[in-house]
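Open the model in your viewer and keep the selection panel at hand. The stops below are given in order, each with what to select and what is there.

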Number of protein chains: 2
Amino acid sequence: MKRQITRKEFLASATKTVVAASAGAAAMSVIPASGEQSGQAGVVDKASTAWPWQYKTLDREDVRKRAHKSYFDGGCCYGAFHGLVGALADAVGEPFTLIPTQMMFWGGGGGAGWGTLCGALNGSASLVNLVVDRANANALIGELFGWYTAVQFPTDISNDYAAHHQFLVNRYDKPLKQTVAGSTLCHASVSTWCTEAGFKAGSTERAERCARLTGDVAAKTVDLLNAFYGGQFKAAYVVPKAVTDCQGCHGSAIGNVQSGVKMDCQQCHRQNWDHLY
Amino acid sequence: MKRQITRKEFLASATKTVVAASAGAAAMSVIPASGEQSGQAGVVDKASTAWPWQYKTLDREDVRKRAHKSYFDGGCCYGAFHGLVGALADAVGEPFTLIPTQMMFWGGGGGAGWGTLCGALNGSASLVNLVVDRANANALIGELFGWYTAVQFPTDISNDYAAHHQFLVNRYDKPLKQTVAGSTLCHASVSTWCTEAGFKAGSTERAERCARLTGDVAAKTVDLLNAFYGGQFKAAYVVPKAVTDCQGCHGSAIGNVQSGVKMDCQQCHRQNWDHLY
């Protein structure tokens, strides 16, 4: 049960709030001036919600298990976000205890089931940007996305856990076929796996595959964040030559494709190209 | 300056927290038991962060302007999320003042620039799920996505505002060519517009187009939320027959495509089909 704070502790906290409000003028405030409220009854230590939120080194295998389990509670996007936020709530406490991780339910199945961005990436990316500034978050998320397109899912670790340790809530405990998505899109990732593994999208095996993938993506996110905050992060993903070749003419400066787009052009376009690179 | 609460008010707030903690057992708690912290110094009215957060009717045109302006501060995903959260912070106060809208910077350009899910949709969807339960959020977001694929962007209202009222921070004030994206993907949405409008992806005009689109998507989100909370929401989007025809064989039960996927199959697949529907 939660201990009630003493009046002395409360006053110390209130003082900290004033100090933080001054400090906040230098950093970016949570909500700009127009959104500030006065005279509210709620008592909140505003200092703790200043962005980016505090990160503490996490255990990748602990987060993998949390995310895998949470997949069955709310899908891939919630699973990854809840696994990461829950671990930080245990490690740091507030403000991670304040954010409703349910806000990421919608990202499952590539966004309300539409098959766009993989929800495990969506949920993990939102957590990264909660604890990392904009430029570095984009670098870390770009690395996460690139890794996702090239790795064998489910990874050996997730397959091994599920098959031998029985600690997960999976409804299928055998190792699963591994495939490379070649894309950050849910539809491509799931369809490729289903085709090669021989399971339907509505199958128990496919759900377990996505649960293991959710654990894998959350664990990789921990690796990236631990490396970044440990001063060890180095981008390793190299955009495929096929993509950079296309961008040479179709990029943002002389063509009509945003320069950052790194999805594999061939997956959708190759069949109707009137020229080859 | 924020008024310090009296001891009496604090005790009343603490009582409310206990009541909320009990109520939370029925609803879904913000963070499950494993994430609960004890003995923390921060003083927070936990009741205010119970999910889903309180929604109040918003002014769609006010939110359109906020989102358009915020695009230039942090991109499409941040723009939509910040515009919506900022309006709710003004209307409701906490807990909307607590969430760092900067956590959505990453969604710009379809996710760290990768061109996947349109960031304006990503940011708006996260807000919807913050104030609406899972099933209804998916229904509202599905409607938002469907509307997005079929509407002319920028809408007449955004084009008219930008051209005649000069209240926005746009760097280009003429009406812009309108195009139908036919997709929820940033890459398809932007590339289609660039091709038909004759502007490069790196141009000022393209940025202004995406800023207006950000306002349009946030305004549509307000329409949907106002309708939902007013008991007036009715789904209007109909999945194209071309998609449902494909799903007849390629759906989750007998094929390898998740049943919820509603992206237009033809955009990527038509050229290499060995049969037509």
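Select Trp114(A) and Phe145(B) in this predicted model: Trp114(A) is buried, as is Phe145(B). Their rings form an edge-to-face aromatic pair, with 5.6 Å from centre to centre and 75° between the planes. Trp114(A) sits in the loop between helices H2 (60-91) and H3 of chain A, while Phe145(B) belongs to helix H4 (residues 134-150) of chain B, so the pair joins two chains.

Next, go to Trp193(B) and Phe199(B), a stacked pair at 5.7 Å centre to centre with 15° between the planes. Trp193(B) is buried, its relative accessible area being 0%. Phe199(B) has 23% relative accessibility and counts as partly exposed, because the limit for buried is under 20%. Over all chains there are 26 aromatic pairs.

Now show Lys65(A) with Tyr161(A): the lysine lies over the face of the ring, 5.8 Å from its centre. In chain B, Lys65(B) lies over the face of Tyr161(B), also at 5.8 Å from the ring centre.

Move to helix H3 of chain A, residues 119-131. How many of the residues of H3(A) are buried? The count is 13 of 13. At 1.5 Å a residue this helix should span 18 Å, and its end C-alpha atoms are 19 Å apart, which agrees.

Finally, select the largest nonpolar core, which has 118 residues. Among those with the most contacts inside it are Phe96(A), Leu127(A) and Val131(A). A second, separate core has six residues, including Leu185(A), Met263(A), Leu185(B) and Met263(B).

Note on methods: Residues are numbered from 1 along each chain as its sequence is written. Chains are lettered from A and ligands numbered from 1 in the order in which they are written. This is a predicted model: local features need pLDDT of at least 70, side-chain atom pairs count only at pLDDT 80 or more; totals for chains, interfaces and linings use all residues. Side-chain values use heavy atoms; hydrogens and water are left out. Helices (H or I, at least four residues) and strands (E, at least two) are DSSP runs, numbered from the N terminus. The expected span of a helix is 1.5 Å times one less than its number of residues. Buried means under 20% relative accessible area, exposed over 50%, partly exposed in between (1.4 Å probe, protein chains only). A nonpolar core is a set of buried Ala, Val, Leu, Ile, Met, Phe, Trp, Tyr and Cys residues joined through side-chain atoms within 4.5 Å. Rings of Phe, Tyr and Trp (its six-membered ring) pair if their centres lie within 6.5 Å; planes under 30 degrees apart count as stacked, over 60 as edge-to-face and the rest as tilted. A charge sits over a ring if NZ of Lys or CZ of Arg is within 6 Å of the ring centre and within 35 degrees of the ring normal.
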